[in-house]
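Please read the following note with the model open beside it. The points are numbered so that each may be checked in turn.

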Amino acid sequence: MALLEASEVVAGYGETEILHGVSVAVNEGEVVTIIGPNGCGKSTLMKAVVGLVRVRTGRVTFKGVDISAQSPERIVRSGLCYVPQSANVFPSLSIRENLEMGAFVRSGSHPDRIEEMFELFPDLALRPGRKAGSLSGGQRQMLAIARALMLDPALLLLDEPSAGLSPAIMGMVFDRIQSINSAGVALLLVEQNAREALRMSHRGYILVSGRNRLEDRGPALLDNPEVGRLYLGA
Amino acid sequence: MLPMKNMTRRIGLAWTPALTTAVIVAAAAAAGLLPFVKMGLVVNGFILGSIIALGAIGITLIYGILNFANVAHGDYMTMGAYVALFMVEEALPRVGIEGQGLGPFTFGYPVLLALPVAVAVVAIGAIALDAVIYRRLRDRRVNAVVLAMMSLGVAIALRGLVQIIWSGGTQHYPRESRQVYHLPMDVRIAPDSIFIAVVTVILVAAVYLLLTRTRMGKAMRATADNPDLALVSGIDTQSVIRWTWAIGAGLAATAGVLLAVSQAQLLPIMGWKFLIPLFAAVTLGGIGNPYGALVGAFIIGVSAEVSTQWLNPSYKPAVAFAIMIVMLLVRPRGIFGGAEYR
């Protein structure tokens, strides 16, 4: 049984329907990447999974439980955490406070877990009292990921983790993502930088206009000439 | 290692909101040393500013979390003042608790007992109003103007309720005349004013500690920063909203009681008339920013009092209003750069 299973999900904003029946699955410990052109519904799918956008029809199960109508708070509690693409830290809170908020569903201030995050992202440990709003793009992304890891989730959803980062920082972020995965956390990625992401993915999906277009193992998608031409800008 | 140390030391002296607040408040106080400004008026201004601050911090917190200007805030103050009146005139005397002229103060200890009751009643009332009215509107995703208009309706309804229950006439807490203290520089200060200042200092410190040290306070700041991210972080935003109302309305109720003590009277319109200085203070500091509300309150309070040296005191709200207009024209985000009005 898959850890996360979204089947035939229809969702959108107001009158507009963005997803017309998308199905995606993530197995325990797997890295899965979703790629596709702008506006194909990648981010909307993530928001539908975490409960920010209502699932109109279709169903999302996590650990075998139907979460399609659950509140984001309950979904987070069950071990599914999410890093949005932009505005993914609390700017007026300090680094430490941002991390504490990641573990809000469990009372206490979690100094041990915060130390673990500082080990994973040493940059954050330099000045834990610094306001998140004053961090650089890369540090901010690290903090956003660390915040989402505070609850030690079974599955982490990352929306464009490399957006707006310099190549060097991007390499570091991908490196961290891989070490998070080797610690046993399953990952569902949406990524513009598709080559890099597919290289480290077990499987990948290609979405076009709110529908599934292709699904294959990561390396196989990379080698597929049609995928290369249309979606990887080869 | 050494450069790191130097850096932290430099950060320790960084231009923090707390430091800005201290500097501006000190500057307002120093204005009293100017030869053409009476120090006594500056002192009165700080007392008025204290009451404004308690109301303005609530408005700014509610705006930060719920994204609308609560026009009923003045009437939450009125409610607080009248609930305390009910306690000292009706409820407490029945159990034999009466009195006035506690030590140097004009009021008696029943007012001290009535204050927490007023805070609790208004806080619970605000949470109930949210559940019955504002939450339904939020669920329908109405915009901020609709919420503000609804709060205008709540304001008028609350004032009507006060008039029905307590009549429209002037009333006051049982009081006894007391001597004012004479201080150097021709400053005369009533003991009641010192009580008001002390209560304000305690409550402002409590709000500061709550926002910076407690899990719920941090969650409130996080929700004000980014409500969607708060949701997906697993923050229980419904209880954040309840806490925000409880704190905002509780502070308003306290401000109402203190206003009734300082004016030595209660009127159903007292809170509504106080809205202009409240919003002027909030705007001046930058809406959504509690430091801003505090600084704005003292600036408005001192300006309004000092203006009476040249203007008829009935123009005090006009002075507050003029400052608000100038601020909106020159720097709409306020001193501390809060949100822009939407």
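1. A:A87 counts as partly exposed, because it has 13 C-beta neighbours inside 10 Å; the label covers residues between buried (20 or more other C-beta atoms within 10 Å of their own) and exposed (12 or fewer), with C-beta atoms placed from the backbone. Although A:A87 is not a glycine, its phi is positive, at about 50°. The residue lies in the loop between β6 (80-83) and α3 of chain A; helices (H or I, at least four residues) and strands (E, at least two) are DSSP runs, numbered from the N terminus.

2. The model is predicted: local features need pLDDT of at least 70, side-chain atom pairs count only at pLDDT 80 or more, and totals for chains, interfaces and linings use all residues. Residues are numbered from 1 along each chain as its sequence is written, while chains are lettered from A and ligands numbered from 1 in the order in which they are written.

3. B:S167 also deserves attention. It has a positive phi of about 70° and is not a glycine. It lies in the loop between α6 (144-166) and β1 (181-183) of chain B, and it is exposed, with 10 other C-beta atoms within 10 Å.

4. In chain A, four strands form an open antiparallel sheet in the order β2-β1-β4-β5; two strands pair if DSSP finds at least two bridges between them. At the edges stand β2 (16-26) and β5 (65-66) of chain A, each with a single partner strand, so one side of each has no neighbour in the sheet. Strands β1 (residues 4-13) and β4 (residues 57-62) of chain A are antiparallel and joined by five bridges; A:E5, for example, has A:T61 in β4(A) as its bridge partner.

5. Which residues of chain A and chain B meet? In total, 22 residues of chain A are in contact with 15 residues of chain B, contact meaning that C-beta atoms, placed from the backbone, lie within 7 Å. On the chain A side, α2 (72-77) and α3 (95-102) are the elements that give two or more residues.

6. Chain B has 14 helices and two strands. Its radius of gyration, taken over C-alpha atoms, is 20 Å, close to the 20 Å of the globule rule for 342 residues, so chain B is as compact as a globular protein of that length; the rule is 2.2 Å times the number of residues to the power 0.38. Of these 342 residues, 49% count as buried.

Key:
Contact = placed C-beta atoms within 7 Å.
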